[in-house]
Each structure stands twice: as structure tokens, then as C-alpha cells.
Amino acid sequence: MPIQKSMSSSIAVIAFDRISPFHLAGPCVVFGESHPGCPTFDFKVCSAESGKLYTSGGFDIAVHHGLSALKKADIIIVPSWRDPDEKPPSALLKALNAAYARGAKIVGLCLGAFVLAEAGLLQGRTATTHWAFAQDFAKRYPEVILDADVLYVEDRGIVTSAGTAAGIDCCLYLLRQLHGSQVANSVARRLVVPPHRQGGQAQFIEQPMPKSSADSRLSELFDWIRENLHLTHTVDALAERALMSRRTFTRQFKLLTGMGCVSWLLVERLAYAQRLLELTSGSIEVVAERTGFGSPESLRLHFRRQFGIAPSEWRKQFRG
């Protein structure tokens, strides 16, 4: 669900006692700081608690805004939570519900998903959280459709992300919705992070990804596919190009990207379609051809299914 852009979008971040400095810093560095070429935001850090807030890093912070800052915020971010076993303040839960009811986008980063679930905002929705807490989350909130493999997910105006660094991925996703890929990519470069990481949490669970000669072959293959998205690609043909059997190729591909080859191709084609819609004036037919969807109908179908909006409307949102 794309965010309706305004001259200065209002963003509120919820701080709390014993907050992780890193979790708070992610939204602050993306939205609270000035970046060349990026419009400024009406950015506020607020809290349901009064007085100084102590961080898990051994220092304290002073927050100058209370929950009244949520009343006019376009986006509200809960950047984790101190303890999944502790119920958040009822005033905060009520404020989040009221904000969502008036049309604000609500975001729960990492353990912030627990806060959104306690508020009842995730019932019947797809959500994610840090993989280490996913099993506990699923038991507590069986009414939530948990997808523990993704870095972030949005469902009808509610956004949740995986742990720690995935919070920055999610903030860049929100920035892309607000001001397009060019601005989001520019901010990502300044932060020295990828504009969009492929795959999901599966690649970070338990053990690091294996390193082998197959990794470099697949890395070269990824580059070639991105340069040739207009072509028809099959798993067998790509496996042959990577000098692997189909079985080995599909296994290595999943290890490196966190998803299957067909799903990865769709993500790449949709991302390229977004860039073309935002940065060029070519017709939908041309965009469909250059991205390998084959027909405008196929492009419209997958684009709307993924982003909840038609390609032509996306172009109107982000051009100019």
C-alpha cells in the first residue's frame, strides 16, 4: 500500500526505557537526518513514559514528545520492544489503534511486532519478527500469519520487519514508497548499505552461508540475469549456464538468496519495472517487454498482486 506523499511527511518513532540504541538509530538515521536530494520529514521521537529513558547501551536519552505526537503522524514506527513477556502500556496500544483507524501506517521493527500484535493490529495479517523469537510469537498470536523467512512484510498498512539490520531495510522500503527508488538508493549509498537485500532471514538462522566456488558462479549468473531480464529464463537453462545440475543449482540458489529461482526472478523483474516506471516515460507495453513479463497484462497482474496498485498509478505516485 503506497504512502500518500505530502510536502513533509510526519514520522513518529516510539522510544521506551531500556531501548537498544541501534534499533532506535535505524529510523533516526533514515528519516531524522538530512540527506542530499531527499525531502526532509517532520520527524519526532516520542514515548509513553516520562523522564529520562535508559538504553541497553549504558547511557540515557531525553525524549521531548509524548503520545500526542502520534495524533498527526503519517507513519508510526515501534523500533522493537524491551521484553516480549512484558505487555506494552495500554495508552500506547490505544494510541496505535487510533492512529491506524485514521489512516496512519504502523510499523513494528524486530520485537516491535509483539507490540503491534498486543494492540490487535496483526489479527488475520501476515507479519514477521526476529527469527529467534518467531516460535514464541507464533504460539502467543496464532491469529497472525507469521512469515519468519522474510526481512520485512506489509499487509494492509501494517509493516513488520525481522531483527536488527532488517529494520534499516524496512525503513528504506518505506522511503522508497514515499519518494521513489532514486531517493532511497541515494540514501542507502550514503549509509553504505544495499538499497534492497534479496532473500530473507532463512539465510541467517543457525549457521552462516557456505562459501564455495559455486557462490562465485551464481554471483556472476545473478549479474548476467539482471542484464538480461527481458529474456525468457528457465531453471534448467540457468542451471546449465552455471555448470550445475538442476538439483545442485536449486539448492545453492536457495542457500544464497533465501528463495527459489522463480521467486527471485519475479522480485528482480518487479524491482526493474519500478525503476523503469519511476525514471522513464516508456509505455506499459515497453516496460513489460524490457522486464521480461511478456505482456502488459502479466505485468499488471504481478505488480498489483505485489504492491496493491497498478503500474500506471505507481508511475503517477513517483514521477515528477
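A core here is a set of buried Ala, Val, Leu, Ile, Met, Phe, Trp, Tyr and Cys residues joined through side-chain atoms within 4.5 Å, and buried means under 20% relative accessible area with a 1.4 Å probe, protein chains only. Helices are DSSP runs (H or I, at least four residues) and strands are E runs of at least two, numbered from the N terminus.

This is a predicted model, where local features need pLDDT of at least 70, side-chain atom pairs count only at pLDDT 80 or more, and totals for chains, interfaces and linings use all residues. Residues are numbered from 1 along each chain as its sequence is written, and side-chain values use heavy atoms, with hydrogens and water left out.

Next I checked Leu-175: leaving aside residues up to four places away in sequence, Leu-175 touches Val-30, Phe-31, Cys-38, Phe-41, Gly-180, Val-183, Ala-184 and Val-187 (contact is heavy atoms within 4.5 Å).

Then I turned to helix 1, whose buried residues are His-23, Leu-24, Gly-26, Pro-27, Val-30 and Phe-31. They line one face of the helix, because they fall within an arc of 150 degrees seen down its axis, taken from the directions from the axis to the C-beta atoms. Their cover includes strand 1, strand 2, strand 4, strand 5 and helix 5.

Technical notes
Buried < 20%, exposed > 50% of the residue type's maximum accessible area, 1.4 Å probe, protein only.
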